[in-house]
Amino acid sequence: MMTRSFFGFSKPCFEYELLTDTLPVPEEIATPATVTLLLPEALEKLDSGLIKIGDKVKTGQKLVLHEESGACVISSVTGTISSITPFIGDFSKIFTAIAIDVDQEEIIDQQFKDLYQEPTLETLKNFFSFVPGAPPLKALCDSANPPKSIIIYGGDTDLLISTNLYYVKADINAIKAGIKILKQTTGIENIILAMPGESLQGYGHLGASVKNVSAVYPFGSPNLIMQKILKQVVPAGKDPMDLGICFIRAEAVAAIGNAFTNGCLPVNKILTLVDKTGKQKLMSVRIGTPLKEIFNHYNINLNDRDRLIIGGPMTGSAVYSEDFPVQPDTDAVMVQDAADISHTSDYPCINCGDCIRICPAKIQVSMLVRLLEAELYEEAADEYDLMSCIDCGLCSYVCVAKIPVFQYIRLAKYELAKAALEEAENQEQEEETNE
Ligand code: SF4
Ligand code: SF4
């Protein structure tokens with residue numbers, strides 16, 4: 001539900017989708033002729049890779065480009081690799097796009113089936129980075145800094161989305177099985193299921209303690225859940241994992257539970273589609289399905305300058321092509337009609353203060369944005385607490401001058417992270433030279 005106050009001086013109040021709302025049964029979208037899987041690694045030289053064009057692959061097969069890196073995808077179909085190309089994602093993130101032409105006959109790969117009866121952390125690490133919900137395996141398997149607790153958020157972190165909520169409502173036994181596997185493989189006993197606005201009854205059998213958090217956006221944000229449930233404040237520039245808390249989507253826990261129950265890696269993704277009229281549809285698609293297949297299924301016609309957004313209305317990112325494939329962490333796709341797009345402007349800030357009043361991190365946003373517009377990112381972090389921002393996007397929503405505040409914030413964080421990485425690499429090189 002989305003409500004906006006008629007009174008300018010009241011804060012707008014948004015609520016997440018809730019378990020008490022009626023959830024539709026996901027509609028099955030037919031497997032497309034070709035799927036594209038985005039492997040998070042640079043292609044470099046095609047002939048140096050372990051997979052090549054023309055290779056036959058089975059459903060559930062692990063595909064690795066270079067042995068040493070550990071990056072992999074799980075094939076969501078049975079078919080033939082038809083292309084392997086470089087792909088640049090959001091904020092210059094580097095991928096290799098593996099396109100697979102789908103065969104009529106489906107064959108399930110045996111590799112995981114041979115291992116599933118004896119669950120280990122190694123098996124999780126080797127096979128689960130590309131299952132629906134994208135479990136945070138790097139954090140779960142970090143032997144140097146192992147997590148102390150796991151928090152499963154049973155809701156969705158943006159508005160209008162019912163993807164993770166669907167699993168809590170429809171597949172709670174898979175979540176229960178997933179919790180058991182997580183305990184068994186990681187040794188972590190303290191697992192919490194956080195539910196937005198939900199009563200605490202009926203979940204006693206799960207093997208996790210169940211806590212409720214506010215249903216008001218953005219209280220499903222990990223940093224705010226930490227404050228509410230564990231009474232811990234995540235310091236600026238850190239994330240919950242720095243305090244030993246690993247967050248995981250409900251869908252990922254259900255995927256782990258289902259895989260270790262059936263011996264098959266799940267390859268279908270639940271997805272919420274928000275169409276041009278704002279109506280939501282829940283569906284199940286093969287990972288790697290191009291968005292255009294979904295639009296064809298629902299007879300959605302895209303016109304010039306319509307906008308496609310991966311994610312929800314507050315924090316989603318626009319994509320430029322309807323060929324973009326559904327990935328393990330794609331919880332929602334939104335289509336906005338060109339006429340409904342709220343355009344940004346280059347008007348100056350009028351000091352209305354709305355962004356400061358709405359900000360859950362209590363940041364002086366109007367001052368922060370001045371520095372960000374001037375690309376003074378380090379000063380923004382030092383003087384106006386940029387790194388305390390929890391990325392909720394509310395400041396952009398309320399800005400009467402239509403300044404793209406949240407986009408400035410994202411860009412600034414990306415630039416600072418890039419500079420920090422370059423500095424660390426330079427330092428490493430210097431140390432190697434001096435040795
Ligand atoms: S996105 Fe904006 S409103 Fe949200 S925490 Fe960051 S600065 Fe505050
Ligand atoms: S909401 Fe926009 S115009 Fe108002 S103070 Fe914040 S940045 Fe300035």
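This is a short walk through one predicted model, from its strands to its last described helix. Residues are numbered from 1 along each chain as its sequence is written, and chains are lettered from A and ligands numbered from 1 in the order in which they are written. Local features need pLDDT of at least 70, side-chain atom pairs count only at pLDDT 80 or more, and totals for chains, interfaces and linings use all residues. Helices (H or I, at least four residues) and strands (E, at least two) are DSSP runs, numbered from the N terminus.

Start with strand S4, residues 34-39. A residue is buried if 20 or more other C-beta atoms lie within 10 Å of its own, exposed if 12 or fewer, and partly exposed in between; the C-beta atoms are placed from the backbone. By that count 6 of the 6 residues of S4 are buried, so the strand is largely enclosed by the rest of the structure. Both faces are covered: one carries Thr-34, Thr-36 and Leu-38, the other Val-35, Leu-37 and Leu-39. Strands pair if DSSP finds at least two bridges between them. S4 and strand S9 (residues 94-102) run antiparallel and are joined by 6 bridges. Leu-39 stands opposite Thr-96 in S9.

Next comes an open sheet. Its 4 strands follow the order S12-S11-S10-S13, with parallel pairing. S12 (209-213) and S13 (245-249) stand at the edges with a single partner strand each, so one side of each has no neighbour in the sheet. The twist averages 30° from one strand to the next. Here axes are lines fitted to C-alpha atoms, for helices over the stretch in contact, and angles run from 0 to 180 degrees between N-to-C directions. Strand S11 (residues 190-196) pairs with S12 over 5 bridges in the parallel sense. In that pair, Ile-192 stands opposite Ser-209.

Helix H6 (residues 250-262) lies across S10 (149-153) and S13, at about 80° to S13. The expected span of a helix is 1.5 Å times one less than its number of residues. For the 13 residues of H6 that gives 18 Å, and the end C-alpha atoms are 18 Å apart, which agrees. H6 is mostly covered, with 11 of its 13 residues buried. Among them are Glu-251, Asn-258 and Phe-260. Two residues are in contact if their C-beta atoms, placed from the backbone, lie within 7 Å. The buried residues of H6 pack against S10, S13, strand S14 (268-274), helix H3 (163-170) and helix H4 (172-186). Just after H6, Gly-263 takes a positive phi of about 80°.

Now move to the loop between H11 and H12, where Ala-401 lies. Ala-401 has 18 C-beta neighbours inside 10 Å and so counts as partly exposed. Leaving aside residues up to four places away in sequence, Ala-401 touches Ser-345, Tyr-347, Pro-348, Cys-349 and Ile-350.

Val-405, Phe-406, Tyr-408, Ile-409 and Ala-412 are its buried residues. They pack against helices H8 (354-358), H9 (365-373), H10 (377-384) and H11 (394-398). The axes of H9 and H12 come within 10 Å and cross at roughly 60°. That makes H9 oblique to H12. Angles under 35 degrees count as roughly parallel, over 145 as roughly antiparallel, 65 to 115 as roughly perpendicular, and the rest as oblique. The contact is made by Val-365, Val-369, Leu-372 and Glu-373 of H9 and Val-405, Tyr-408, Ile-409 and Ala-412 of H12.
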